[in-house]
Amino acid sequence: MGAEQGLKIRLGAMRLGVKIEDLLTEAVNPQTVNMDKLTTSQLLEAINAEDKTVAAAVAEEIPHIALAVDKIAAALQTDGRLIYIGAGTSGRLGVLDAAECPPTFGVEPDRIIGLIAGGDTALVKAIEGAEDEISGAVIQLQLVKLTAKDVVVGLAASGRTPYVLGGLKYANTVGACTVAISCTPNSEIGKVAKLAITPLVGPEVITGSTRMKAGTAQKLVLNMLTTATMVRLGKVYGNLMVDVKPTNAKLVERAKQIVAQATGVSCERAGEILVQAGMNPKTAIVMIKRDCSAVQASCYLAAVGGFIRRAIIDEKRMER
């Protein structure tokens, strides 16, 4: 970090009434103060030992994560969206999670959106000072036409990034549900958001390098948010991602495997049914399970909101 950027961060913290040295994410880790004296293997062991603590910190936040999942699932069921906002590593993690949902779960790209301070360029190159622009997220949220139906999740390891604070405050004025994910107790963004998720991973291996434990914690939380939400929306059957979009050769083979695993038929037969189902794994599974046409299978699914387990239950058995 350059002297100029360090000064900007400290000035930003001062504006918020926060001393950067008081942040948990900036504390010195007593377990790694002699890292420069270690052998390569010892260095890796020290990093690994600290990483092992992250999952436990995330586990402590499961009650809050569950509340967020329910809010996100409700929003996506009623034409709302999930929108991530963050800067630096936090922003990139949000964009990554949003980008991976369409191919994995078949959700439309405009339903889960990742916004990062500095725009798309910041995904591959640090944009100095972008995170200190308190109006940056506001402008981006306005461009995507934020509404009260949406859920905005602000990510900031330090919990005080002006870009995220500004976005969450604006989202509150619109009436959107707001969630803060940080690794600092009593964080500024946690106070602004309606729901706070705060995995306390402690000081980093390298002081202040929040791309490490804090970044890992945020990635774990994001994995939980979207995966659990998609299960709640019927996009998973058993543990199979049945709404996968077979848009390339690898995904076509994966779709065949999914249908075969869900129904017990051969991969060859699964491929034949997939073609009849318009390459829709959910439709193909119901076709096999209920021995029906693609049209009938689509109707069964539509009647129960796309949940396979409900669609394959015979109505007569339900009446008993």
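Is Lys71 buried, exposed or partly exposed? Lys71 comes out as partly exposed, with a relative accessible area of 49%. The views below come from a predicted model, starting with the whole chain and then moving in on details.

Figure 1. The protein chain has 320 residues, and buried residues make up 48% of them. Take the contacts between residues at least 6 apart in sequence: 66% of those join residues at least 24 apart.

**Figure 2. Lys71 on helix 4.** This is the residue from the opening question, and it sits in helix 4. Its 49% relative accessible area puts Lys71 in the partly exposed class, since that class runs between 20% and 50%. Once neighbours within four places in sequence are set aside, Lys71 is in contact with Val151 and Cys177. Leu82 is 11 residues away from Lys71 in sequence, with 9.6 Å between the two C-alpha atoms.

**Figure 3. The largest nonpolar core, with 37 residues.** Tyr84 and Leu225 are the residues with the most contacts inside this core. The largest share, 7 residues, comes from helix 4. A second, separate core has 25 residues, including Ile258, Ala270, Leu301 and Ala311. As background, nonpolar side chains in soluble globular proteins tend to be buried together.

**Figure 4. The surroundings of Tyr84.** Which residues does Tyr84 touch, leaving aside its neighbours within four places in sequence? Gly94, Asp97 and Ala98 are among them, and so are Ile112, Ile113, Gly114 and Leu115. The contacts of Tyr84 also include Val153 and Leu155, plus Leu222, Leu225 and Thr226. Leu225 turns up here as a contact of Tyr84, and Leu225 and Tyr84 are also the pair named for the most contacts inside the largest core.

**Figure 5. Helix 5 against helix 9.** These two pack at an angle of about 30 degrees, and their axes are 10 Å apart. Helix 5 and helix 9 are therefore roughly parallel, as angles under 35 degrees count that way. The crossing of helix 5 past helix 9 is right-handed. On the helix 5 side, the contact uses Ser90, Leu93, Gly94, Leu96, Asp97, Glu100, Cys101 and Phe105. Facing them from helix 9 are Gly215, Gln218, Lys219, Leu222, Asn223, Thr226, Thr227 and Met230. The tally for this contact is 6 nonpolar, 7 polar and 3 charged residues.

**Figure 6. Helix 10 against helix 12.** Helix 10 (residues 249–263) packs on helix 12 (residues 281–290) at about 30 degrees, with 10 Å between the axes. That angle makes helix 10 roughly parallel to helix 12. Helix 10 goes past helix 12 in a right-handed crossing. Helix 10 brings Ala255, Ile258, Val259, Ala262 and Thr263 to the contact, while helix 12 brings Pro281, Ala284, Ile285, Ile288 and Lys289. These contact residues split into 8 nonpolar, 1 polar and 1 charged. One of them, Ile258, also belongs to the second core.

**Figure 7. Helix 6 against helix 7.** What is the angle at which helix 6 (residues 136–143) and helix 7 (residues 162–174) pack? The angle is about 45 degrees, and the axes are 7 Å apart. Helix 6 and helix 7 are therefore oblique to each other. Gly136, Ala137, Val138, Gln140, Leu141 and Gln142 of helix 6 meet Tyr163, Gly166, Gly167 and Tyr170 of helix 7. The contact holds 5 nonpolar and 5 polar residues, with no charged ones.

**Figure 8. Val192 in helix 8 (residues 188–192).** Val192 and Leu168 are 24 residues apart in sequence, but their C-alpha atoms are 6.8 Å apart in space. Beyond the neighbours within four places in sequence, Val192 is in contact with Leu165, Leu168, Lys169, Asn172 and Thr178.

Figure 9. Asp79 isn't a glycine, yet its phi is positive, about 70 degrees. Asp79 is in the loop between helix 4 and strand 1, and is exposed at 61% relative accessible area. Met279, also not a glycine, has a positive phi near 65 degrees. Met279 is in the loop between helix 11 (267–276) and helix 12, and counts as partly exposed at 26% relative accessibility.

How values were computed: Residues numbered from 1 in each chain as written. Predicted model: local features only at pLDDT ≥ 70, side-chain atom pairs only at ≥ 80, totals over all residues. Heavy atoms only, no water. Axes fitted to C-alpha atoms, helices over the stretch in contact; angles between N-to-C directions. Helix = DSSP H or I, 4+ residues; strand = E, 2+ residues; numbered from the N terminus. Parallel < 35°, antiparallel > 145°, perpendicular 65-115°, else oblique. Left-handed = near helix turned anticlockwise from the far one by under 90°. Contact = heavy atoms within 4.5 Å. Nonpolar A, V, L, I, M, F, W, Y, C, P; charged D, E, K, R; others polar. Core = buried A, V, L, I, M, F, W, Y, C linked by side-chain atoms within 4.5 Å. Buried < 20%, exposed > 50% of the residue type's maximum accessible area, 1.4 Å probe, protein only.
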